[in-house]
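User: I would like to learn how to read a fold from its contacts, strands and rings. Can we work through one case together?

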Amino acid sequence: MTQRLHLVFGGELVSPSENVFKNVDDLHVVGIFPSYDAAYDAWKNEAQRTVDNAHMRYFIAHLHRLRDEETEASATEELG
């Protein structure tokens, strides 16, 4: 059985038009989730909680893609 882990994290961006964090030391790690649906629910909760701050952005990272050693690495820009 393949385990598909997803990391939900976010933080304040330098500019709302770019995916560059203002301070990586202040990133908020929401958690690691066993399914995309669970990760999406956590992402949505954090995104809605910070909706008034245009510089705050949350992402879902597909950790299972990073640990699949037989598949060629893909670009992480899909996170945006």
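User: Start with glutamate 46. Leaving aside its neighbours within four places in sequence, which residues is glutamate 46 in contact with?

Analyst: A contact here means heavy atoms within 4.5 Å. Setting aside neighbours within four places in sequence, glutamate 46 is in contact with His28, Val30 and Tyr58. Keep in mind that this is a predicted model.

User: Where is glutamate 46 found, and is it buried or exposed?

Analyst: Glutamate 46 is found in helix α1. Its relative accessibility is 10%. Buried means under 20%, so glutamate 46 counts as buried at 10%.

User: What does helix α1 pack on?

Analyst: Strands of a sheet pair through backbone hydrogen bonds, either parallel or antiparallel. Here three strands make an open sheet in the order β2-β1-β3, and the pairing is antiparallel. The edge strands are β2 (28-33) and β3 (56-62), each of which pairs on one side only. From one strand to the next, the twist averages 15°. Helix α1 (residues 36-49) packs on this sheet and touches β1, β2 and β3. The direction of α1 makes about 170° with that of β3.

User: How many bridges join β1 to β3, and how many join β1 to β2?

Analyst: Strand β1 (residues 6-12) is joined to β3 by seven bridges. Five bridges join β1 to β2. Both pairs run antiparallel.

User: Which residues are bridge partners?

Analyst: Leucine 7 has isoleucine 32 in β2 as its bridge partner. Glycine 10 has tyrosine 58 in β3. Glycine 11 stands opposite arginine 57, also in β3. Tyrosine 58 has come up already, as a contact of glutamate 46.

User: Is β1 mostly covered or exposed?

Analyst: Mostly covered. Six of the seven residues of β1 are buried. Histidine 6 has its place in this strand. Histidine 6 is buried, with a relative accessible area of 3%.

User: What does histidine 6 touch?

Analyst: Histidine 6 touches Gly31, Ile32, Phe33, Ser35, Tyr36, Ala39, Ile60, Ala61, His62, Leu63 and His64. Then look for polar atoms. A polar atom of the histidine 6 side chain lies 3.2 Å from the backbone oxygen of arginine 4.

User: What about arginine 57: where is its place, and what does it touch?

Analyst: Arginine 57 has its place in strand β3. At 26% relative accessibility, arginine 57 counts as partly exposed. Not counting residues up to four places away in sequence, arginine 57 touches Phe9, Gly10, Gly11, Leu13, Pro16, Asn19 and Phe21. A polar atom of its side chain lies 3.3 Å from the backbone oxygen of proline 16.

User: How many residues apart along the chain are arginine 57 and glutamate 12?

Analyst: Arginine 57 and glutamate 12 are 45 residues apart along the chain. Their C-alpha atoms are separated by 6.4 Å. Among contacts between residues at least 6 apart in sequence, 58% join residues at least 24 apart.

User: How many aromatic pairs are there, and what describes a pair?

Analyst: A pair of aromatic rings is described by the distance of the centres and the angle of the planes. With centres within 6.5 Å as the cut-off, the count comes to five aromatic pairs. Tyrosine 40 and tryptophan 43 form one that is tilted, at 5.4 Å centre to centre and 35° between the planes. Phe9, Phe21 and Phe59 form one aromatic cluster.

User: Why are tyrosine 40 and tryptophan 43 separated by about one helical turn?

Analyst: Because the two are three residues apart in helix α1. Tyrosine 40 counts as partly exposed, at 34% relative accessibility. Tryptophan 43 counts as partly exposed too, at 26%.

User: Last, the whole protein. How many helices and strands are there, and how do the elements run?

Analyst: There are two helices and three strands. From the N terminus on, the elements run β-β-α-β-α. Of the 80 residues, 26% count as buried. The accessible surface comes to about 5900 Å², and 49% of that belongs to carbon and sulfur atoms.

How values were computed: Residues numbered from 1 in each chain as written. Predicted model: local features only at pLDDT ≥ 70, side-chain atom pairs only at ≥ 80, totals over all residues. Heavy atoms only, no water. Pairing = 2+ DSSP bridges. Helix = DSSP H or I, 4+ residues; strand = E, 2+ residues; numbered from the N terminus. Axes fitted to C-alpha atoms, helices over the stretch in contact; angles between N-to-C directions. Phe/Tyr/Trp six-rings, centres within 6.5 Å; stacked < 30°, edge-to-face > 60°. Buried < 20%, exposed > 50% of the residue type's maximum accessible area, 1.4 Å probe, protein only. Polar contact = N/O pair within 3.5 Å; in protein donor to acceptor, adjacent residues only side chain to side chain. Areas by Shrake-Rupley, 256 points an atom, 1.4 Å probe, with all protein chains shown as cover.
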